[in-house]
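Thank you all for coming; I would like to walk through one structure this morning, moving from its sheets to a helix and then to a single side chain. Please have a look at the sequence and the model before I start.

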Amino acid sequence: MMIAIIGAGVSGLSCAWWLQRQGVAVRVFEAAERVGGKVSTLAADALCEQGPNMLLLDEELQQWLAELGLSPLWPERGSGLRHVLRSGRYRPLPSGPWQLLAGSFLSWPAKWALLRGLLRPGSPKEAEASLAEFCRRRFGQEVLDKLLDPLAGGVFAGDPEELALEETLPRLARAAAQPLPLWRGLWRQRTARARMCTLQGGLQQLPQRLARDLDVRLGAPVTALRRDGEGWRLRTREGWTRAERVVLALPADAAAELLHPLAPEMADICRRIPYAPLAVVSTLLDGEAMDRPLPGYGALHPSGEGALTLGHLTVSNIYPHVCPAGTRLVTSFIGGRRHPESLESSDAALLNGLNAELERLFGMRGKPLAQYLARWPQALPQGTGLQRRLRGAAAPWSGRGLHLCANWLDGASLPDCLGKGRRLAKQLAARASGFA
């Protein structure tokens with residue numbers, strides 16, 4: 001039995017690695033000349049992550065990294081403080097609901113609304129709402145504007161009016177669906193806290209290590225997919241290849257092109273999945289070139305502040321090893337779902353606008369030592385109601401040997417992608433052994 005995986009991003013590589021470990025023959029086809037998808041580390045004057053910037057580790061994932069021979073590098077102590085931009089100035093972000101209730105971040109009416117929302121029982125219908133609708137109804141507009149809006153932009157590069165609660169914050173959605181006070185539903189789902197880390201040499205080491213012992217064909221786009229008896233045929237530049245099962249682990253629009261002749265309904269849903277575009281800029285500065293350096297992890301920008309960026313990550317505070325001694329590294333995120341027009345600007349215009357913002361917010365003086373700009377027209381898939389429809393349309397096809405395993409379904413974070421690849425591999429290996 002040979003399983004073909006189309007796409008060498010983290011989801012596809014995870015699935016392939018676990019399949020091979022369980023003795024299943026697997027081959028990965030990748031259109032690009034490199035593995036990893038959006039996971040991209042630039043080693044220049046500093047070590048710059050141009051895609052995901054961190055990996056959250058639970059105990060199971062930490063054990064897997066050890067098996068791969070990859071050692072996590074933990075953040076500097078005290079670097080976890082987050083900030084939110086309010087009225088043109090940064091304010092520390094409270095670390096939890098009780099800190100919100102005790103501090104001055106929210107007004108007293110908003111605190112009472114937050115407390116009432118935590119005490120109120122949920123319902124299944126509430127879990128189907130958008131992020132904005134859920135927050136507005138349960139906690140009020142101020143909590144939406146000051147907390148959820150910057151979270152949606154900074155974490156998902158999205159619009160809270162569009163993002164679905166169950167797709168973006170599934171733990172909260174499950175708690176909101178229960179006929180219990182919300183705080184109790186969240187408490188019942190508590191798990192061991194995951195720890196943030198990076199890897200020596202950057203996060204790109206992870207997909208490169210996963211691919212090292214796999215049969216990965218780079219520069220090998222799959223241009224057609226056909227049913228062949230009980231199996232499948234895939235067309236590449238080298239001709240047709242037969243596989244017993246196929247895993248689609250490529251971007252949603254590319255999946256739609258392959259699916260259209262076979263499953264037009266599923267293809268139509270894939271084609272409509274929205275993406276947020278992003279420009280990611282790494283700025284290297286002399287250590288004394290900031291009058292108001294931001295302590296801690298970085299900052300999020302609510303949409304109402306009118307900032308160019310969605311936020312800044314103060315990377316050298318978190319991982320000092322990534323840049324030379326006496327320098328600072330800041331990573332900034334521009335665009336997102338609500339401001340795709342930002343990426344229509346030239347590189348020079350984007351950098352000029354960013355530097356003006358760094359001067360205003362951080363007191364940056366002079367020119368940066370170096371700046372590196374990466375553009376991602378399809379940076380982050382958005383979790384909307386389309387994913388629920390997609391699961392229904394895809395379910396019959398899994399019985400025919402066609403499976404979806406990509407960042408646009410069931411979570412886009414690195415742990416999400418690694419986890420879904422492992423789970424699918426377990427299912428496929430069991431079927432190959434005749435146990436399912």
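Predicted model: local features only at pLDDT ≥ 70, side-chain atom pairs only at ≥ 80, totals over all residues.

Let me begin with strand β16 (residues 298-300), which is joined to β17 by three bridges, the two strands running antiparallel; helices (H or I, at least four residues) and strands (E, at least two) are DSSP runs, numbered from the N terminus, and two strands pair if DSSP finds at least two bridges between them. Within this pairing, Ala299 has His312 of β17 as its bridge partner.

Residues are numbered from 1 along each chain as its sequence is written, and side-chain values use heavy atoms, with hydrogens and water left out.

Coming back to β17, this strand also pairs with β18 (residues 327-335), in the antiparallel sense and over four bridges, and here Gly311 stands opposite Phe333 in β18. Five of the five residues of β17 (residues 309-313) are buried, so this strand is largely enclosed by the rest of the structure; buried means under 20% relative accessible area, exposed over 50%, and partly exposed in between, with a 1.4 Å probe and protein chains only.

These strands belong to an open sheet of seven, in the order β8-β7-β16-β17-β18-β15-β19, with mixed pairing. At its edges stand β8 (89-92) and β19 (370-381), each with a single partner strand, so one side of each is left without a neighbour in the sheet. Neighbouring strands of this sheet are turned by 25° against each other on average, direction ignored, where axes are lines fitted to C-alpha atoms, for helices over the stretch in contact, and angles run from 0 to 180 degrees between N-to-C directions.

There is also an open sheet of three strands, ordered β5-β9-β6 and antiparallel in its pairing. β6 and β9 pair over two bridges, with Thr198 of β9 as the bridge partner of Leu73.

Lying across β5 and β9 is helix α2, which runs at about 110° to β5. Which residues of α2 are buried? In this helix (residues 59-68), they are Leu61, Trp64, Leu65 and Leu68. They cover an arc of only 100° around the axis, which puts them on the same side of α2; the arc is that of the directions from the helix axis to the C-beta atoms. On the other side of α2, Glu59, Gln63 and Ala66 are exposed. The buried residues of α2 pack against several elements, including α1 (10-21), β9 (195-199) and α16 (414-432), contact meaning heavy atoms within 4.5 Å.

At the start of α2, a side-chain oxygen of Asp58 comes to within 3.3 Å of the backbone nitrogen of Glu60, and just after the helix Gly69 takes a positive phi of about 80°.

Finally, I would point to Arg138, found in helix α5 (residues 131-138), which is buried, with a relative accessible area of 3%. A polar atom of the Arg138 side chain lies 3.2 Å from the backbone oxygen of Pro121. Leaving aside neighbours within four places in sequence, the residues in contact with Arg138 include Ala113, Arg120, Glu126 and Leu182.

Notes:
Polar contact = N/O pair within 3.5 Å; in protein donor to acceptor, adjacent residues only side chain to side chain.
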